[in-house]
Amino acid sequence: MDVLSDAIGTMRAGHPSLSLEAADPSWEKEVQTFAGARFYVGTTGRIRVTAPDEAVITLQPGDAVLLPHGIAHTLVNATDSTAQFLSGAYRLERARPHPLFQDLADLVSLPARPDRYPGLQASIDLLLSELGEQMHGRDLVLPALLEVLLVHLIRACLIERAGLQATGWCVALDDEVIARSLRAVHERPADPWTVESLGAHAGLSRAAFARRFTAMVGQPPLTYLTWWRLTMAARLLQTTDVPLSTVAQRSGYGSAYAFANAFKREYGISAGRYRQQHRTDHHHERSTTNS
(Lines give C-alpha, C1' and ligand atoms only; values in the text may rest on other atoms or scores of the structure.)
Protein backbone atom coordinates (compact mmCIF):
# COMPACT_ATOMS: atom_id res chain seq x y z
CA MET A 1 0.00 0.00 0.00
CA ASP A 2 1.29 3.51 -0.79
CA VAL A 3 1.98 6.11 1.89
CA LEU A 4 -1.05 8.32 1.21
CA SER A 5 -3.42 5.33 1.32
CA ASP A 6 -1.85 4.21 4.59
CA ALA A 7 -2.10 7.70 6.09
CA ILE A 8 -5.79 7.93 5.24
CA GLY A 9 -6.47 4.35 6.31
CA THR A 10 -4.95 4.79 9.76
CA MET A 11 -6.85 8.02 10.43
CA ARG A 12 -10.31 7.31 9.01
CA ALA A 13 -13.00 6.58 11.60
CA GLY A 14 -16.75 6.18 11.38
CA HIS A 15 -18.68 6.99 8.22
CA PRO A 16 -18.34 10.09 6.02
CA SER A 17 -21.33 12.40 5.65
CA LEU A 18 -22.57 14.39 2.67
CA SER A 19 -25.42 16.80 1.95
CA LEU A 20 -26.48 19.25 -0.73
CA GLU A 21 -27.41 22.47 1.06
CA ALA A 22 -29.35 25.52 -0.06
CA ALA A 23 -28.69 29.00 1.35
CA ASP A 24 -31.12 31.93 1.21
CA PRO A 25 -29.73 35.43 0.45
CA SER A 26 -29.33 36.34 4.16
CA TRP A 27 -28.08 32.87 5.17
CA GLU A 28 -25.11 32.58 7.56
CA LYS A 29 -23.87 29.65 9.62
CA GLU A 30 -21.27 29.22 12.36
CA VAL A 31 -19.61 25.79 12.12
CA GLN A 32 -17.94 24.48 15.25
CA THR A 33 -14.65 22.61 15.56
CA PHE A 34 -14.94 19.05 14.27
CA ALA A 35 -12.85 15.94 15.02
CA GLY A 36 -12.03 15.35 11.40
CA ALA A 37 -11.93 17.05 8.01
CA ARG A 38 -14.64 19.05 6.25
CA PHE A 39 -15.03 20.07 2.63
CA TYR A 40 -17.37 22.28 0.62
CA VAL A 41 -17.98 22.51 -3.12
CA GLY A 42 -19.84 25.38 -4.73
CA THR A 43 -22.66 24.39 -7.12
CA THR A 44 -24.82 27.53 -7.55
CA GLY A 45 -24.10 31.15 -6.63
CA ARG A 46 -21.24 32.00 -4.23
CA ILE A 47 -20.50 30.80 -0.69
CA ARG A 48 -17.91 32.56 1.46
CA VAL A 49 -15.88 30.50 3.95
CA THR A 50 -14.12 32.47 6.69
CA ALA A 51 -11.63 30.96 9.17
CA PRO A 52 -10.81 32.38 12.65
CA ASP A 53 -7.55 33.88 11.36
CA GLU A 54 -9.71 35.84 8.88
CA ALA A 55 -8.61 33.79 5.89
CA VAL A 56 -11.45 33.98 3.38
CA ILE A 57 -12.28 31.75 0.43
CA THR A 58 -15.24 32.39 -1.87
CA LEU A 59 -16.61 29.32 -3.62
CA GLN A 60 -18.04 29.67 -7.10
CA PRO A 61 -19.58 26.71 -8.98
CA GLY A 62 -17.03 23.88 -9.17
CA ASP A 63 -14.65 25.40 -6.59
CA ALA A 64 -13.77 23.31 -3.54
CA VAL A 65 -12.27 24.02 -0.15
CA LEU A 66 -10.83 21.49 2.30
CA LEU A 67 -10.49 22.05 6.05
CA PRO A 68 -8.27 19.05 6.93
CA HIS A 69 -8.05 19.90 10.64
CA GLY A 70 -11.74 20.61 11.21
CA ILE A 71 -11.26 24.16 12.51
CA ALA A 72 -14.25 26.34 13.36
CA HIS A 73 -15.38 28.63 10.54
CA THR A 74 -18.26 30.68 9.17
CA LEU A 75 -20.29 30.11 6.00
CA VAL A 76 -22.12 33.00 4.33
CA ASN A 77 -24.19 33.28 1.17
CA ALA A 78 -22.25 35.90 -0.81
CA THR A 79 -25.01 36.53 -3.37
CA ASP A 80 -28.44 38.20 -3.36
CA SER A 81 -30.13 34.99 -4.46
CA THR A 82 -30.28 31.36 -3.35
CA ALA A 83 -26.96 29.54 -3.42
CA GLN A 84 -26.28 25.81 -3.24
CA PHE A 85 -23.22 23.84 -2.20
CA LEU A 86 -22.02 20.37 -1.28
CA SER A 87 -21.09 19.90 2.38
CA GLY A 88 -19.16 16.84 3.51
CA ALA A 89 -17.23 15.60 6.54
CA TYR A 90 -14.84 12.77 7.38
CA ARG A 91 -14.27 11.75 10.98
CA LEU A 92 -10.57 11.20 11.71
CA GLU A 93 -8.57 9.81 14.61
CA ARG A 94 -7.07 12.90 16.24
CA ALA A 95 -5.06 11.16 18.95
CA ARG A 96 -2.34 10.14 16.50
CA PRO A 97 -2.59 12.08 13.22
CA HIS A 98 -0.25 11.12 10.41
CA PRO A 99 2.35 13.89 9.91
CA LEU A 100 1.29 14.09 6.27
CA PHE A 101 -2.02 15.59 7.43
CA GLN A 102 -0.27 17.94 9.83
CA ASP A 103 1.62 19.36 6.86
CA LEU A 104 -1.61 20.67 5.33
CA ALA A 105 -2.91 24.19 5.94
CA ASP A 106 -6.10 24.78 7.95
CA LEU A 107 -7.97 26.07 4.91
CA VAL A 108 -7.04 24.95 1.39
CA SER A 109 -8.63 26.54 -1.66
CA LEU A 110 -9.01 24.27 -4.70
CA PRO A 111 -10.47 26.31 -7.58
CA ALA A 112 -12.26 24.49 -10.40
CA ARG A 113 -9.34 23.38 -12.58
CA PRO A 114 -10.18 20.30 -14.69
CA ASP A 115 -6.77 20.64 -16.38
CA ARG A 116 -4.96 20.50 -13.01
CA TYR A 117 -7.23 18.25 -10.93
CA PRO A 118 -9.15 16.03 -13.39
CA GLY A 119 -9.75 13.30 -10.80
CA LEU A 120 -11.13 15.80 -8.28
CA GLN A 121 -13.51 17.32 -10.79
CA ALA A 122 -14.66 13.89 -11.97
CA SER A 123 -15.35 12.81 -8.37
CA ILE A 124 -17.39 15.95 -7.72
CA ASP A 125 -19.40 15.45 -10.92
CA LEU A 126 -20.17 11.82 -9.96
CA LEU A 127 -21.28 12.86 -6.47
CA LEU A 128 -23.61 15.52 -7.84
CA SER A 129 -25.01 13.03 -10.32
CA GLU A 130 -25.74 10.47 -7.58
CA LEU A 131 -27.35 13.09 -5.36
CA GLY A 132 -29.53 14.33 -8.18
CA GLU A 133 -30.83 10.93 -9.27
CA GLN A 134 -32.52 8.37 -7.04
CA MET A 135 -30.69 5.41 -8.58
CA HIS A 136 -30.64 1.88 -7.20
CA GLY A 137 -27.51 1.17 -5.12
CA ARG A 138 -26.82 4.79 -4.17
CA ASP A 139 -26.38 3.83 -0.50
CA LEU A 140 -23.28 1.90 -1.54
CA VAL A 141 -22.11 4.27 -4.24
CA LEU A 142 -22.16 7.52 -2.22
CA PRO A 143 -19.84 6.36 0.62
CA ALA A 144 -17.44 4.88 -1.95
CA LEU A 145 -17.41 8.12 -3.93
CA LEU A 146 -16.78 10.09 -0.73
CA GLU A 147 -13.71 7.94 0.01
CA VAL A 148 -12.45 8.56 -3.54
CA LEU A 149 -13.13 12.28 -3.20
CA LEU A 150 -11.06 12.47 0.02
CA VAL A 151 -8.04 11.03 -1.80
CA HIS A 152 -8.42 13.49 -4.66
CA LEU A 153 -8.88 16.42 -2.27
CA ILE A 154 -5.68 15.58 -0.42
CA ARG A 155 -3.79 14.95 -3.67
CA ALA A 156 -4.83 18.39 -4.86
CA CYS A 157 -3.79 19.94 -1.53
CA LEU A 158 -0.36 18.33 -1.81
CA ILE A 159 0.05 19.64 -5.36
CA GLU A 160 -0.82 23.16 -4.19
CA ARG A 161 1.54 22.85 -1.22
CA ALA A 162 4.42 21.54 -3.33
CA GLY A 163 4.47 24.77 -5.28
CA LEU A 164 5.04 26.79 -2.09
CA GLN A 165 7.76 24.89 -0.22
CA ALA A 166 10.97 22.97 -0.79
CA THR A 167 10.53 20.38 1.96
CA GLY A 168 7.66 18.60 3.69
CA TRP A 169 5.41 15.66 2.88
CA CYS A 170 4.03 17.26 -0.28
CA VAL A 171 7.59 17.23 -1.66
CA ALA A 172 8.75 13.99 -0.03
CA LEU A 173 6.07 11.89 -1.72
CA ASP A 174 7.29 13.05 -5.14
CA ASP A 175 10.98 12.79 -4.32
CA GLU A 176 12.06 9.53 -5.97
CA VAL A 177 14.66 8.69 -3.31
CA ILE A 178 12.64 9.46 -0.20
CA ALA A 179 9.42 8.06 -1.64
CA ARG A 180 11.22 4.76 -2.28
CA SER A 181 12.27 4.49 1.36
CA LEU A 182 8.80 5.48 2.62
CA ARG A 183 7.18 2.81 0.47
CA ALA A 184 9.61 0.24 1.86
CA VAL A 185 8.74 1.16 5.45
CA HIS A 186 5.00 1.05 4.76
CA GLU A 187 5.06 -2.14 2.72
CA ARG A 188 7.48 -4.04 4.97
CA PRO A 189 7.40 -2.46 8.46
CA ALA A 190 8.50 -5.71 10.12
CA ASP A 191 11.82 -5.85 8.22
CA PRO A 192 14.91 -5.15 10.38
CA TRP A 193 15.46 -1.72 8.85
CA THR A 194 18.43 0.45 9.79
CA VAL A 195 19.34 3.91 8.51
CA GLU A 196 22.05 2.27 6.44
CA SER A 197 19.76 -0.36 4.88
CA LEU A 198 17.03 2.21 4.15
CA GLY A 199 19.65 4.47 2.58
CA ALA A 200 20.96 1.61 0.46
CA HIS A 201 17.41 0.78 -0.60
CA ALA A 202 16.94 4.41 -1.64
CA GLY A 203 20.33 4.58 -3.36
CA LEU A 204 22.12 6.93 -0.96
CA SER A 205 24.84 6.68 1.64
CA ARG A 206 23.77 6.46 5.28
CA ALA A 207 24.62 10.10 6.09
CA ALA A 208 23.20 11.59 2.89
CA PHE A 209 19.99 9.62 3.26
CA ALA A 210 19.52 10.58 6.92
CA ARG A 211 19.95 14.28 6.10
CA ARG A 212 17.61 14.21 3.14
CA PHE A 213 14.92 12.16 4.87
CA THR A 214 14.94 14.32 8.02
CA ALA A 215 14.83 17.58 6.04
CA MET A 216 11.83 16.46 3.97
CA VAL A 217 9.79 14.33 6.36
CA GLY A 218 10.56 16.34 9.49
CA GLN A 219 11.69 13.28 11.48
CA PRO A 220 14.81 11.07 11.38
CA PRO A 221 14.26 7.78 9.50
CA LEU A 222 14.17 5.49 12.53
CA THR A 223 11.92 7.86 14.47
CA TYR A 224 9.40 7.69 11.65
CA LEU A 225 9.84 3.91 11.37
CA THR A 226 9.05 3.46 15.06
CA TRP A 227 6.10 5.85 14.82
CA TRP A 228 4.65 3.95 11.88
CA ARG A 229 5.19 0.52 13.45
CA LEU A 230 3.35 1.52 16.62
CA THR A 231 0.63 3.30 14.67
CA MET A 232 0.06 0.15 12.66
CA ALA A 233 0.11 -1.91 15.88
CA ALA A 234 -2.55 0.33 17.40
CA ARG A 235 -4.69 -0.14 14.30
CA LEU A 236 -4.36 -3.92 14.61
CA LEU A 237 -5.37 -3.71 18.27
CA GLN A 238 -8.40 -1.61 17.35
CA THR A 239 -9.63 -3.70 14.43
CA THR A 240 -8.55 -7.33 15.03
CA ASP A 241 -8.46 -9.99 17.71
CA VAL A 242 -5.03 -11.36 16.80
CA PRO A 243 -2.79 -12.18 19.80
CA LEU A 244 -0.36 -9.56 21.08
CA SER A 245 2.51 -11.78 19.94
CA THR A 246 1.20 -11.56 16.37
CA VAL A 247 0.79 -7.79 16.63
CA ALA A 248 4.38 -7.59 17.85
CA GLN A 249 5.67 -9.71 14.98
CA ARG A 250 3.77 -7.77 12.31
CA SER A 251 5.04 -4.52 13.80
CA GLY A 252 8.70 -5.48 13.60
CA TYR A 253 9.35 -6.39 17.24
CA GLY A 254 11.34 -9.51 18.03
CA SER A 255 9.34 -10.33 21.14
CA ALA A 256 6.02 -9.52 22.76
CA TYR A 257 7.98 -8.12 25.71
CA ALA A 258 9.90 -5.62 23.55
CA PHE A 259 6.66 -4.61 21.82
CA ALA A 260 4.80 -4.19 25.12
CA ASN A 261 7.50 -1.86 26.47
CA ALA A 262 7.65 0.20 23.26
CA PHE A 263 3.87 0.49 23.06
CA LYS A 264 3.51 1.61 26.67
CA ARG A 265 6.26 4.23 26.26
CA GLU A 266 4.47 5.66 23.24
CA TYR A 267 0.83 5.48 24.37
CA GLY A 268 1.14 5.57 28.14
CA ILE A 269 -0.94 2.41 28.66
CA SER A 270 -0.45 -1.28 27.95
CA ALA A 271 -1.39 -2.74 24.59
CA GLY A 272 -4.03 -4.94 26.22
CA ARG A 273 -5.60 -2.00 28.03
CA TYR A 274 -5.51 0.06 24.82
CA ARG A 275 -7.38 -2.69 22.98
CA GLN A 276 -9.98 -2.94 25.74
CA GLN A 277 -10.56 0.82 25.84
CA HIS A 278 -10.89 1.10 22.08
CA ARG A 279 -13.36 -1.77 21.89
CA THR A 280 -15.45 -0.09 24.61
CA ASP A 281 -15.35 3.26 22.79
CA HIS A 282 -16.13 1.63 19.46
CA HIS A 283 -19.12 -0.22 20.91
CA HIS A 284 -20.42 3.01 22.46
CA GLU A 285 -20.03 4.88 19.17
CA ARG A 286 -21.88 2.13 17.29
CA SER A 287 -24.68 2.12 19.86
CA THR A 288 -24.99 5.92 19.63
CA THR A 289 -25.02 5.80 15.83
CA ASN A 290 -27.69 3.10 15.73
CA SER A 291 -29.94 4.70 18.32
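This is a predicted model: local features need pLDDT of at least 70, side-chain atom pairs count only at pLDDT 80 or more; totals for chains, interfaces and linings use all residues.
Is aspartate 175 buried or exposed? With a relative accessible area of 12%, aspartate 175 is buried, where buried means under 20% relative accessible area, exposed over 50%, and partly exposed anything in between (1.4 Å probe, protein chains only). Residues are numbered from 1 along each chain as its sequence is written, and side-chain values use heavy atoms, with hydrogens and water left out.

On confidence, pLDDT (the predictor's confidence in each residue, from 0 to 100) has a mean of 89 over the protein, and 95% of residues reach 70 or more. Helices (H or I, at least four residues) and strands (E, at least two) are DSSP runs, numbered from the N terminus. Strand 7 (residues 73-77) comes out highest, at a mean of 97, and helix 12 (residues 271-290) lowest, at 65.

Next come the charged pairs. A salt bridge is a side-chain nitrogen of Lys or Arg within 4 Å of a carboxyl oxygen of Asp or Glu, and a search of the whole structure turns up six. Buried aspartate 175 takes part in one of them, with arginine 212, the closest N and O atoms being 2.9 Å apart. This pair links distant parts of the chain: aspartate 175 is in the loop between helix 5 (169-172) and helix 6 (176-187), and arginine 212 is in helix 8 (residues 206-217), 37 residues apart. Arginine 212 counts as partly exposed, at 32% relative accessibility.

Another salt bridge joins glutamate 160 to arginine 116, with 3.2 Å between the closest N and O atoms. Here too distant parts of the chain are linked, 44 residues apart: glutamate 160 belongs to helix 4 (residues 138-162), and arginine 116 to the loop between strand 9 (108-110) and helix 3 (118-132). Both ends are partly exposed, glutamate 160 at 28% and arginine 116 at 36% relative accessibility.

A local pair is found in helix 6, where glutamate 176 and arginine 180 lie four residues apart, about one turn of the helix. Their side chains meet in a salt bridge at 3.0 Å, N to O. Glutamate 176 is exposed, with a relative accessible area of 58%, whereas arginine 180 is partly exposed at 23%.

Leaving aside neighbours within four places in sequence, the contacts of arginine 38 include Val31, Gln32, Leu66, His73 and Gly88.

That leaves the cysteines. With a disulfide taken as a pair of cysteine sulfur atoms within 2.5 Å, the count is zero. The sulfur of cysteine 157 has its closest cysteine sulfur in cysteine 170, 11 Å off, so the two are too far apart for a bond. Both residues are buried, cysteine 157 at 2% and cysteine 170 at 3% relative accessible area.

Notes. Contact means heavy atoms within 4.5 Å.
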